[in-house]
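Me: I'd like to learn how to read a protein model, one feature at a time. Could you walk me through this one?

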Amino acid sequence: WPAGYDNKIETLLLKNGNTKAARTILRKAIRKTGASFIKIKIKLDLYDGKLTEALQKIEQSNTADFDNQGEMDLLYAQIHSYLRNAEIAQKHYYFALDFFKQKLIDDPNGALIYSKIGITYAGLKETDKAETAGVKGVELAADSLYRYERVENLAQIYTMLGKYDEGLKQIELLLNHRKNNQQKQLK
């Protein structure tokens with residue numbers, strides 16, 4: 001079951017940021033499931049600062065390796081931003097923005113879509129639009145788990161915009177939620 005390995009790797013990364021251990025689990029996941037896990041491979045390369053390798057992997061992939069074309073374009077844009085290829089990054093941010101705006105027509109209350117639009121606008125340095133979309137994504141989140149994922153996206157938006165204090169406030173919300181849940185479990 002590839003999704004189970006996705007979750008395990010993601011949890012390991014969130015817990016301690018250990019990409020070496022995550023890669024060990026990734027190799028096991030590929031052996032056991034036969035899935036490509038391209039998004040995770042790219043993410044691990046990015047975490048390890050292997051930008052050229054991440055770019056090569058995404059160039060060798062196709063849309064089927066991602067949730068949708070918008071996700072692929074957004075990742076392309078982010079990689080090119082890290083590589084300081086501003087013109088190429090901007091082109092992919094616009095492709096992603098077009099994709100997610102089209103998705104919004106089909107799902108006008110899509111919290112995830114608003115979060116992705118916010119991230120895309122942040123990549124384009126359109127501060128007001130990025131913040132508005134990111135906040136709306138949090139507001140529209142249906143349940144607490146989904147809401148905290150949108151809060152994580154909002155923290156990313158603020159960070160991309162250079163609003164580190166605002167980003168840290170969002171991270172603190174997430175950490176306080178985790179701390180409160182742990183205290184409830186101890187009782």
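Reply: Happy to! Let's start in a loop: R84 sits between α5 (69–82) and α6 (86–106). Helices here are DSSP runs of H or I with at least four residues, strands are runs of E with at least two, and both are numbered from the N terminus.

Me: Before going on, what kind of model is this, and how are the residues numbered?

Reply: This is a predicted model, where local features need pLDDT of at least 70 and side-chain atom pairs count only at pLDDT 80 or more, while totals for chains, interfaces and linings use all residues. Residues are numbered from 1 along each chain as its sequence is written, and side-chain values use heavy atoms, with hydrogens and water left out.

Me: Back to the loop, then. What is the phi of R84?

Reply: The general idea is that most residues other than glycine have a negative phi. R84 is not a glycine, yet its phi is positive, near 65 degrees.

Me: Where is K125, and what is its phi?

Reply: K125 lies in the loop between α7 (111–123) and α8 (127–140). Its phi is positive too, about 65 degrees, although K125 is not a glycine.

Me: Are R84 and K125 buried or exposed?

Reply: The idea is to look at relative accessible area: under 20% is buried, over 50% is exposed, and partly exposed is in between, using a 1.4 Å probe and protein chains only. R84 has 74%, so it is exposed. K125 is exposed as well, at 54%.

Me: How do I read the overall fold?

Reply: Count the elements and follow their order. The protein has 10 helices and 0 strands, giving the pattern α-α-α-α-α-α-α-α-α-α along the sequence. Its radius of gyration is 17 Å, close to the 16 Å from the globule rule for 187 residues, so the protein is as compact as a globular protein of that length. That radius is taken over C-alpha atoms, and the rule is 2.2 Å times the number of residues to the power 0.38. Along the principal axes, the C-alpha atoms fill a box of roughly 55 × 45 × 30 Å.

Me: Which residues does K43 touch?

Reply: Leaving out residues up to four places away in sequence, K43 touches E10 and L13. K43 belongs to helix α3 (residues 38–47) and is partly exposed, with a relative accessible area of 28%.

Me: And where does E149 sit?

Reply: E149 is in helix α9 (residues 144–160). With a relative accessible area of 35%, E149 is partly exposed. From C-alpha to C-alpha, E149 and H80 are 24 Å apart in space, and they are 69 residues apart in sequence.

How values were computed
Contact = heavy atoms within 4.5 Å.
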